[in-house]
Amino acid sequence: MIDAKKVSLLVLCSVLVLTGGVVASAALLSRFAVKIHQSSATVSSIRVKGIAEKEIVSDIGAFSCTITCNAADIASGYAEINRLQTLLTAKFRELGIKADWVENETMSFFPVTKTVRTRENNREVSRTEFSHYQFSRNCRVRSSEVRVLENASVGLYSLAAGGVNISVSNVEYFISDLEQYKLGLVDAASASAYQRANVVARKCGSRLGKLLTARQGVIQITKPASDDTRDGGVYDTSTINKVMRLVVTMDFALE
């Protein structure tokens, strides 16, 4: 037979725990959620969200680099783009970028046209004429020495002072083996959810029963001190230091 007094006390305690949490700290409640599921007669289960975070450091980085030049003919264009490539290679060495870090090198060129307007029979006439060739060389730099890349991508722009037309992308930082962290996050988030559910149940004069359901959220990888989250997950590549975050939602029976 159901003890109505105990049920009333349990529901009241649940409300007090949740309401008191809001008053005490809105930030704390943003970190986890507790929900009591109840029918008209009894409290049957409790739902909690456990959150786990881990600070990680990127172990691989990459950026792209492009040099371009213009030339009146193909022969002089090849000569000029190769001269610029020699300057770029020397700058790579100066900045500590090793030859085997450079990959996906390509070279291309294409003719550039211009529109010429003249007057014929008192009418303006437009025609397209060859202007010059544009040559470009592209490469991608990738390495596990992320600190070298962090400084090198900025240092490459000093070539512009010498007349080199160069563009460099921002360095992107990655984790080469995310799997090594996932099980630890799941374990920590599950333990957090269980502990919170157990505390609430005990404070309300009940006992935590068996696990009913468990759902793992999407892992979010963000820059430090960020609350950025997306349904499909976040993978921030702008910083070397990152934070991996996982939310696990669990439903427990109450006894």
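## Basis of the model

Residues are numbered from 1 along each chain as its sequence is written, and side-chain values use heavy atoms, with hydrogens and water left out. Because the model is predicted, local features need pLDDT of at least 70 and side-chain atom pairs count only at pLDDT 80 or more, while totals for chains, interfaces and linings use all residues.

## The chain as a whole

The chain holds five helices and ten strands. Helices (H or I, at least four residues) and strands (E, at least two) are DSSP runs, numbered from the N terminus. Of the 255 residues, 36% count as buried. Buried means under 20% relative accessible area, exposed means over 50%, and partly exposed is in between (1.4 Å probe, protein chains only).

The chain exposes about 15,100 Å², and carbon and sulfur atoms supply 53% of that area. Accessible areas come from the Shrake-Rupley method with a 1.4 Å probe; for residues, only the protein chains shown count as cover. A contact means heavy atoms within 4.5 Å. Among contacts between residues at least 6 apart in sequence, 71% join residues at least 24 apart.

## Two nonpolar cores

A nonpolar core is a set of buried Ala, Val, Leu, Ile, Met, Phe, Trp, Tyr and Cys residues joined through side-chain atoms within 4.5 Å. The largest one has 26 residues, and Phe-63, Val-141 and Ile-166 touch the most other members. Two or more residues come from each of strand 3 (60-71), helix 3 (74-95), strand 5 (123-143), helix 4 (146-155) and strand 6 (165-168). A second, separate core has 23 residues, including Ala-193, Ala-197, Leu-208 and Leu-246.

What does Ile-166 contact, leaving aside its neighbours within four places in sequence? The list is Cys-65, Thr-66, Ile-67, Leu-88, Leu-156, Tyr-157, Leu-159 and Ala-160.

## Aromatic pairs

Rings of Phe, Tyr and Trp (its six-membered ring) pair if their centres lie within 6.5 Å; planes under 30 degrees apart count as stacked, over 60 as edge-to-face and the rest as tilted. By this rule there are seven aromatic pairs. The rings of Tyr-78 and Phe-135 have centres 5.3 Å apart and planes at 70 degrees, so this pair is edge-to-face. Tyr-78 lies in helix 3 and Phe-135 in strand 5, so the pair ties together parts that are 57 residues apart in sequence. Tyr-78 is partly exposed, at 33% relative accessible area, whereas Phe-135 is buried, at 0%. Both belong to one aromatic cluster formed by Tyr-78, Phe-109, Phe-130, Tyr-133 and Phe-135.

Phe-174 and Tyr-235 also form an edge-to-face pair, with 6.2 Å centre to centre and 70 degrees between the planes. Phe-174 is in strand 7 (residues 172-174) and Tyr-235 is in the loop between strand 9 (220-222) and strand 10 (241-254), so the pair ties together parts 61 residues apart in sequence. Phe-174 is partly exposed, with a relative accessible area of 25%. Tyr-235 is partly exposed at 34%.

## Cysteines

A disulfide is a covalent bond between the sulfur atoms of two cysteines. Here the test is a pair of cysteine sulfur atoms within 2.5 Å, and a search of the whole structure finds zero disulfides. For Cys-65, the nearest cysteine sulfur is that of Cys-139, 4.8 Å away. Cys-65 is buried at 1% relative accessibility, and Cys-204 is buried with a relative accessible area of 2%.

## Helix 5

Helix 5 (residues 179-203) has 25 residues and reaches 37 Å from its first C-alpha to its last, close to the expected 36 Å. The expected span is 1.5 Å times one less than the number of residues. Its buried residues are Tyr-181, Leu-185, Ala-189, Ser-190, Ser-192, Ala-193, Ala-197, Val-200 and Ala-201. An α-helix has 3.6 residues a turn, so residues three or four places apart point the same way. After helix 5 comes Gly-205, with a positive phi near 75 degrees.

Where does Ala-189 lie? Ala-189 is in helix 5 and is buried, at 0% relative accessibility. Not counting residues up to four places away in sequence, Ala-189 touches Gly-50, Ile-51, Ala-52, Leu-246 and Val-248. Ala-189 and Ile-51 are 138 residues apart in sequence and 4.8 Å apart in space, C-alpha to C-alpha. Val-200, also in helix 5, is buried at 8% relative accessible area. From Val-200 to Ile-46 the distance is 8.9 Å, C-alpha to C-alpha, across 154 residues of sequence.
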